[in-house]
Amino acid sequence: QVRLEESGGGLVQAGGSLRLSCTASGRTLSVYAMGWFRQAPGKEREHVATITWSGGTDSYSDSVKGRFTISRDMSKSTVYLEMNSLKPEDTAVYYCAAEAFEGTPGEIDYWGQGTQVTVSS
């Protein structure tokens with residue numbers, strides 16, 4: 001099992017910045033990739049960004065590309081999401097997620113509890 005714990009959410013004005021952190025514990029050697037998803041009220045959960053654990057290959061949704069940056073610190077088993085130029089439409093609960101080597105490729109095996117990000121206009 002892998003446990004994921006997020007931190008760093010909060011309230012920020014439009015145009016501002018926030019950094020989310022997610023620390024993995026447990027069987028971290030089983031993790032292939034980690035990433036962030038978000039879910040706004042009344043909407044489906046959507047992918048935000050992903051990074052492979054060993055190679056550091058990242059990917060982003062079109063809605064955040066150029067504004068958000070995902071990174072990882074392998075020594076701390078932590079992945080970060082630096083969010084800049086935030087917009088009110090970025091308001092959502094942000095979930096950390098992990099894909100395991102032994103899982104189905106492309107499917108999430110572990111989820112964090114979520115952290116609220118609210119962007120005021």
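How many disulfides does a search of the whole structure find?

Tutor: The search of the whole structure finds one disulfide, a term for a pair of cysteine sulfur atoms within 2.5 Å. First, the ground rules. This is a predicted model, in which local features need pLDDT of at least 70 and side-chain atom pairs count only at pLDDT 80 or more, while totals for chains, interfaces and linings use all residues. Residues are numbered from 1 along each chain as its sequence is written, and side-chain values use heavy atoms, with hydrogens and water left out.

Now the link. Cys22 and Cys96 form the disulfide, with 2.0 Å between their sulfur atoms. The angle about the S-S bond is -85 degrees, so the Cys22 and Cys96 link is left-handed. Strands here are DSSP runs of E, at least two residues long, numbered from the N terminus. Cys22 is buried at 0% relative accessibility. Cys96 is also buried, with a relative accessible area of 0%. Buried means under 20% relative accessible area, exposed over 50%, and partly exposed in between (1.4 Å probe, protein chains only).

Leaving aside residues within four places in sequence, Ser77 is in contact (heavy atoms within 4.5 Å) with Cys22, Thr23, Ala24, Thr28 and Trp53. Ser77 lies in the loop between strand 7 and strand 8. Its relative accessibility is 16%, so Ser77 counts as buried. Most residues other than glycine have a negative phi. Phi of Ser77, however, is positive, near 50 degrees. Ser85 is another non-glycine residue with a positive phi, near 50 degrees. Ser85 is in the loop between strand 8 and strand 9. At 41% relative accessible area, Ser85 is partly exposed.

Four strands form an open sheet in the order 1-3-8-7, with antiparallel pairing. Strand 1 and strand 7 are the edges; each has a single partner strand, so one side of each lacks a neighbour in the sheet. Ignoring direction, neighbouring strands of this sheet are turned by 20 degrees against each other on average; axes are lines fitted to C-alpha atoms, and angles run from 0 to 180 degrees between N-to-C directions. Strand 7 and strand 8 pair in the antiparallel sense over six bridges, where pairing requires at least two DSSP bridges between two strands. Within that pairing, Ile70 has Leu81 of strand 8 as its bridge partner.

Then the nonpolar interior. Nonpolar side chains tend to be buried together in soluble globular proteins. A nonpolar core is a set of buried Ala, Val, Leu, Ile, Met, Phe, Trp, Tyr and Cys residues joined through side-chain atoms within 4.5 Å. The largest such core has 31 residues, and Leu4, Met34, Trp36, Val79, Leu81, Met83 and Tyr94 touch the most other members. Among the elements giving two or more residues to this core are strand 1 (2-7), strand 3 (18-26), strand 8 (78-83) and strand 9 (92-100). Strand 9 gives the most, with five residues. Beyond neighbours within four places in sequence, Tyr94 is in contact with residues including Glu6, Trp36, Arg38, Leu81, Met83 and Val117.

Side chains of opposite charge can pair when their charged atoms come close. A search of the whole structure finds five salt bridges, each with a side-chain nitrogen of Lys or Arg within 4 Å of a carboxyl oxygen of Asp or Glu. Arg27 and Glu102 meet in one of them, at 3.1 Å from N to O. This pair links distant parts of the chain, 75 residues apart: Arg27 is in the loop between strand 3 and strand 4, Glu102 in the loop between strand 9 and strand 10 (110-111). Arg27 is partly exposed at 44% relative accessibility. Arg38 and Glu46 form another salt bridge, at 2.6 Å from N to O. Arg38 is buried, at 6% relative accessible area, whereas Glu46 is partly exposed at 34%. Salt bridges with shared partners join Arg38, Glu46, Arg67 and Asp90 into one network.
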